[in-house]
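Hello,

Here is the structure I promised to pass on to you. Please have a look at it, and then read on below for what turned up.

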Amino acid sequence: MGSRNDVGLILRHNRPGGNDRDRAAAARWISRRLGSTPETDRILVTNGTQSAIALLLPMLVRDGTTLGVEALTYPVLRNLADRARVRVVPIEIDDEGLQPDVLANLAVKNRISAIFVNPTVHNPTTAVMSEKRRRDIVDIARRHGIAIIEDDVLGRMHGLSPRPFAAIAPESTWYLAATAKSLALGLRITLLLCPTDEAANQLYRPVASMSSWFPSALSAELLTKWISDGSGAEIEEAIIDEANIRSEIVAQALNDAPYRYQHGGLHLWIPFPSGESAMTFQARALERNVLIRNFGMFLAAPEEPHVGPWGVRVAITAPLARSDLADALTILRQLFINQSSHAIAQW
């Protein structure tokens, strides 16, 4: 693309929310997950997920209302909420993610006006929420007038099912489709599908001149080209293929150690019986030059570390070489066996 004669013109102009071609390409990209092609006027092309969330929070959570989030959530979300002066309410999670009964109990008490959910290959636990639970949450959201911010960063890679919230409740869902995992981290583009074209305008108008959230013109042009000529789908399939190969390495290396992994995922989750045991495991892994993340990094309420689930997140795509991944996983398995044996001996 660097040899094109119009590159200078492309770089000369900002593309707030993306131009018509960007939004049309974005609609085609999103359509695979939704099962239908959304109207382009509902789409804003943004400078990454953090920028999109920073736009959404002040509009959806105000006048003393709160943001409900999974007890373990996107690590940067708490910082974004603090900057927007938004109070976060942690909602307990289980093997499927956010628990509807807990949301229902907290909705009125805490004046929850929006929830942030990562229902497909949850970060960090890899949980995939069933469609039934998604419908249960939608019912609660409709009953209490709660907006849904859906982070579907690995949705396309996981597959077509379960359907995203944006397909079940389009009228109340703000859908984030990041390209960082499925295409390239350096693109720094997240496609934001709004409930309606008017909702998109309501979000866009107050920030139309604030370029911090605009997508890079070069990145936007590259993404539009990749989607239009099919390169994007090929890149995504190659990433999925690599993830599948690495998941086989995981199965061989971890063997009898418990872990959770989902198709299309780029990380796995090793559960532990307590927060202390998870943190000890992380520290011992670091001593062996294996970097993993414990649950504490993802706590929506760091002042409540007793809230589970407890475990560690392992990024299976971080090592460039497959052999390095296999070596690191072998170390983790041995550490897990040693720590489990020590715990049993103490008991």
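Two cavities of 30 Å³ or more come out of the count in this predicted model. A cavity here is a set of points, on a 1 Å grid over the protein atoms alone, where a 1.4 Å probe fits but cannot get out, and its lining residues have an atom within 4 Å of a point. Points are joined across faces, edges and corners, and the volume is the space filled by probe spheres set on them.

The largest cavity holds about 80 Å³ of space. Its lining is made up of Trp29, Ile30, Arg33, Asp152, Val153, Arg156, Tyr175, Ala177, Ala178 and Ser182. At least two of the lining residues come from each of α2 (20-34) and β8 (173-178); helices (H or I, at least four residues) and strands (E, at least two) are DSSP runs, numbered from the N terminus. Sorted by class, the lining has six nonpolar, one polar and three charged residues. For the classes, Ala, Val, Leu, Ile, Met, Phe, Trp, Tyr, Cys and Pro are nonpolar, Asp, Glu, Lys and Arg are charged, and the others, Gly among them, are polar.

The second largest cavity has about 40 Å³ of space. Around it you will find Asp22, Ala25, Ala26, Val45, Ile189, Leu191, Ala220, Leu223, Thr224 and Ile227. Helix α10 gives the most to this lining, with four residues, and α2 supplies at least two.

Seven strands form an open sheet in the order β1-β9-β8-β7-β6-β2-β3, with mixed pairing; two strands pair if DSSP finds at least two bridges between them. At the edges are β1 (43-46) and β3 (87-91), each pairing on one side only. From one strand to the next, the twist averages 20 degrees.

Within the sheet, β2 (residues 66-70) and β6 (residues 112-117) run parallel and are joined by four bridges. Thr66 has Ile112 in β6 as its bridge partner. Helix α5 (residues 100-109) lies across β3 and β6, at about 150 degrees to β3. Contact means heavy atoms within 4.5 Å, and axes are lines fitted to C-alpha atoms, for helices over the stretch in contact, with angles from 0 to 180 degrees between N-to-C directions.

Residues are numbered from 1 along each chain as its sequence is written. As the model is predicted, local features need pLDDT of at least 70 and side-chain atom pairs count only at pLDDT 80 or more, while totals for chains, interfaces and linings use all residues, and side-chain values use heavy atoms, with hydrogens and water left out.

Best wishes

Terms used: 1 Å grid on protein atoms, 1.4 Å probe; cavity = no way out; pocket = protein on both sides within 12 Å on 5 of 7 lines; lining within 4 Å.
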